[in-house]
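Here is a short briefing for a first look at this structure. Keep the sequence and the 3D view open while you read.

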Amino acid sequence: MPHGTIFPATVGRGRPSSIGGEAETAEEAVRGGDGGSVRSKVSENAVIVFGKHGCCMCHVVKRLLLVLGVNPAVFEVNDDDEAEVFAELSAIVGGIDDGGPQLPAVFVGGKLFGGLDRVMSTHITGELVPILKKAGALWL
Amino acid sequence: MWGLLGFVHSRGVFNCILLQNLFDYVEELALVTYVVSDLSFVSSRIFTLHLFRTAFYKCNPNHSDNDLSDYLTISPESMNTSSTQYVTTRTMGMYEPIHHIGMWGENFKTNGCLTTSPSTILEDDTKLDNQSEDTSHGTPESKPVDKIQRRLVQNREAARKSRLRKKAYIQQLETSRLKLIQIESELERARQQGVYVGGGLDGSSLGFPGAVNSGIATFEMEYGHWVDEQNRQVCELRTALHAHITDVDLRILVDNGMTHYFDLFRMKASAAKADVFYLMSGMWRTSAERFFLWIGGFRPSELLKVLVTQLDPLTDQQLLDVCNLKQSCQQAEDALSQGMDRLQQILTETIAGGQLGEGSYISQMSNAIEKLDALVSFVNQADHLRQETLQQMSRILTIRQAARGLLALGEYFQRLRALSSLWATRPCKPA
């Protein structure tokens with residue numbers, strides 16, 4: 001059974017945890033420290049979701065992927081290192097200098113998959129599950 | 001009124017007899033009336049109105065003034081016409097007495113014009129005066145008689161003036177009441193159709209129109225056109241399917257139908273930017289549609305359930321595909337709903353941040369406003385889901401099935417709107 005990669009939370013993350021979000025503890029959300037970690041996280045995880053802290057759309061993506069049986073890694077972007085993370089993501093994506101992909105951004109199999117829009121449409125058409133399986137995020 | 005009766009009495013025995021007959025009749029109506037001479041046509045009109053009022057309430061104790069106005073067709077003009085036109089034939093029970101009173105009135109009128117100038121009335125009055133003065137003309141006893149006559153004339157004039165004032169006041173009241181009823185019903189109708197009457201107004205309270213958001217006003221107007229166009233397309237589909245047109249032609253209709261829905265989603269996206277709360281409230285939709293509201297519209301999975309039963313026969317593959325689609329829809333809806341719950345949670349925390357009770361909350365407000373932007377995204381995502389579901393259905397179905405599906409969906413919405421109208425015009429139970 002695939003499980004999300006565990007990233008230990010760094011010190012200084014003083015945000016209050018959400019009340020009643022028992023599913024939150026199942027996924028390990030972290031802040032990115034250095035720029036290199038972004039690239040490594042993307043390549044290490046079959047599915048990783050980048051989202052701003054407290055973003056509800058990010059929550060939607062997570063819930064949907066969970067329902068499918070995927071336990072995605074989540075990278076919470078804070079205001080402080082926003083620019084840094086965006087720069088890294090742009091580099092990964094392929095150098096389109098537009099400030100980085102729009103968040104929330106889902107990477108599947110090390111490549112940018114898209115935002116909530118794409119996740120929704122591929123889910124409805126039935127394309128999402130095969131893609132996830134191919135990337136090794138789903139084993140069934 | 002008793003002064004007038006006195007005047008009538010002085011006219012002679014004939015009037016007394018008439019008065020007595022009238023008393024007998026009017027006893028039924030539990031109201032004392034009077035009949036004065038021809039020139040008091042004016043007063044008989046006012047009195048007819050009063051009679052009708054009292055008789056109406058006697059026979060319809062549970063009715064309100066509104067009902068009374070419903071039955072009355074009073075207008076300044078109608079006051080000039082025969083008193084039999086005061087009442088519509090809806091109240092047959094009322095019609096007879098009024099007709100009788102009208103006849104009494106008719107018997108005693110000379111010219112029927114209510115707008116008879118006071119001078120004319122005065123003229124008639126002086127004629128009477130002359131008649132009665134003729135008998136006492138030239139005699140030494142005429143002085144005290146003259147005094148009495150003068151007093152009677154003064155009484156008469158005072159009474160006439162008061163009658164005219166009363167008439168004018170009643171006229172004013174009646175027209176104002178009718179106008180109020182008219183305005184209230186228009187407003188109710190407009191509210192039922194979800195007309196936007198201003199920002200801080202919810203559907204249940206009646207308030208004055210505030211500053212209208214132009215983006216919303218545009219949306220309201222466009223949505224009205226959209227509904228009209230949809231109704232037209234539904235008719236077109238119905239005829240086309242019965243006429244067995246070719247698949248090529250049917251495809252054009254289906255594409256039009258699909259594009260029409262996509263137009264709606266586009267309109268909603270603009271409206272969401274203008275005022276997302278308004279869109280989410282569903283005030284632009286009818287009341288029955290609002291009952292099914294989920295993030296600014298219908299749940300795609302619910303609509304699929306409606307459609308599937310209408311689309312028989314489906315092949316096994318189609319059935320499987322539709323089943324999968326329904327499940328995917330439901331999963332996506334759940335994810336969005338949970339996202340909405342999360343947003344509510346965050347918003348509550350933001351608004352309630354700090355100490356509640358301090359009385360100052362500017363920072364909380366500015367934080368909260370930022371969070372509200374997410375609502376726009378939710379509406380957009382929900383509409384995106386609806387659009388994707390529609391498109392996937394069109395891929396699963398044949399052209400003919402898709403046409404039937406669009407027709408079924410269109411009529412389903414029509415039925416919901418009809419239900420809303422019925423609900424709006426349902427008879428109110430007595431208080």
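B:Glu289 and B:Arg285 pair through their side chains in a salt bridge, at 3.6 Å from N to O. Both B:Glu289 and B:Arg285 are buried. The model is predicted. Over all chains, the salt bridges number 14.

**Salt bridges**

- Side chains of opposite charge can pair when their charged atoms come close.
- B:Glu333 and B:Arg299 form a salt bridge, with 3.1 Å between their closest N and O atoms.
- B:Glu333 sits in helix α13 of chain B, and B:Arg299 sits in the loop between α11 (287-291) and α12 of chain B, so this pair ties together parts 34 residues apart in sequence.
- B:Glu333 has a relative accessible area of 1%, so B:Glu333 is buried.
- B:Arg299 has a relative accessible area of 28%, so B:Arg299 is partly exposed.
- In chain A, A:Lys52, A:Asp79 and A:Glu82 are joined into one network by salt bridges that share partners.
- B:Glu236 also forms a salt bridge, and the partner is B:Arg232. The closest N and O atoms of B:Glu236 and B:Arg232 are 3.6 Å apart.
- Why are B:Glu236 and B:Arg232 separated by about one helical turn? Because they are four residues apart in helix α8 (residues 214-243) of chain B.
- B:Glu236 is partly exposed, at 31% relative accessibility.
- B:Arg232 is partly exposed as well, at 42% relative accessibility.

**Helix packing within chain B**

- Look next at helix α12 (residues 300-310) and helix α15 (residues 399-424), both of chain B.
- Their axes are 10 Å apart, and the helices pack at an angle of about 125°.
- α12(B) and α15(B) are therefore oblique to each other.
- The crossing of α12(B) and α15(B) is right-handed.
- Which residues of α12(B) meet α15(B)? They are B:Leu303, B:Val306, B:Leu307 and B:Gln310.

- Helix α2 (residues 56-67) of chain A crosses helix α13 (residues 316-351) of chain B at roughly 145°.
- The axes of these two helices come within 8 Å.
- The crossing of α2(A) and α13(B) is right-handed.
- From α2(A), the residues in the contact are A:Cys56, A:His59, A:Val60, A:Arg63, A:Leu64 and A:Val67.
- From α13(B), the residues in the contact include B:Gln331, B:Ala332, B:Ala335, B:Leu336 and B:Arg342.
- By class, the contact of α2(A) with α13(B) holds nine nonpolar, four polar and two charged residues.

**A buried glutamine**

- B:Gln381 lies in helix α14 (residues 362-396) of chain B.
- Is B:Gln381 buried or exposed? With a relative accessible area of 9%, B:Gln381 is buried.
- Beyond neighbours within four places in sequence, B:Gln381 contacts A:Met57, A:Leu116, A:Asp117, A:Met120 and B:Leu336.
- B:Gln381 and B:Leu336 are 45 residues apart along the chain, and their C-alpha atoms are separated by 8.1 Å.
- B:Leu336 is also one of the α13(B) residues that meet α2(A).

**Backbone features**

- Most residues other than glycine have a negative phi, and most peptide bonds are trans.
- The peptide bond from A:Leu103 to A:Pro104 is cis, with omega near 0°.
- A:Pro104 is placed in the loop between α3 (82-93) and β4 (105-108) of chain A.
- B:His244 is not a glycine, yet has a positive phi of about 55°.
- The loop between α8 and α9 (247-274) of chain B holds B:His244.
- B:His244 is exposed, at 62% relative accessibility.
- B:Ile295 is not a glycine either, and has a positive phi of about 45°.
- Where is B:Ile295 found? In the loop between α11 and α12 of chain B.
- B:Ile295 is buried, at 7% relative accessibility.

Note on methods. Residues numbered from 1 in each chain as written. Chains lettered and ligands numbered in written order. Predicted model: local features only at pLDDT ≥ 70, side-chain atom pairs only at ≥ 80, totals over all residues. Heavy atoms only, no water. Axes fitted to C-alpha atoms, helices over the stretch in contact; angles between N-to-C directions. Parallel < 35°, antiparallel > 145°, perpendicular 65-115°, else oblique. Left-handed = near helix turned anticlockwise from the far one by under 90°. Contact = heavy atoms within 4.5 Å. Nonpolar A, V, L, I, M, F, W, Y, C, P; charged D, E, K, R; others polar. Salt bridge = Lys/Arg side-chain N within 4 Å of Asp/Glu carboxyl O. Buried < 20%, exposed > 50% of the residue type's maximum accessible area, 1.4 Å probe, protein only.
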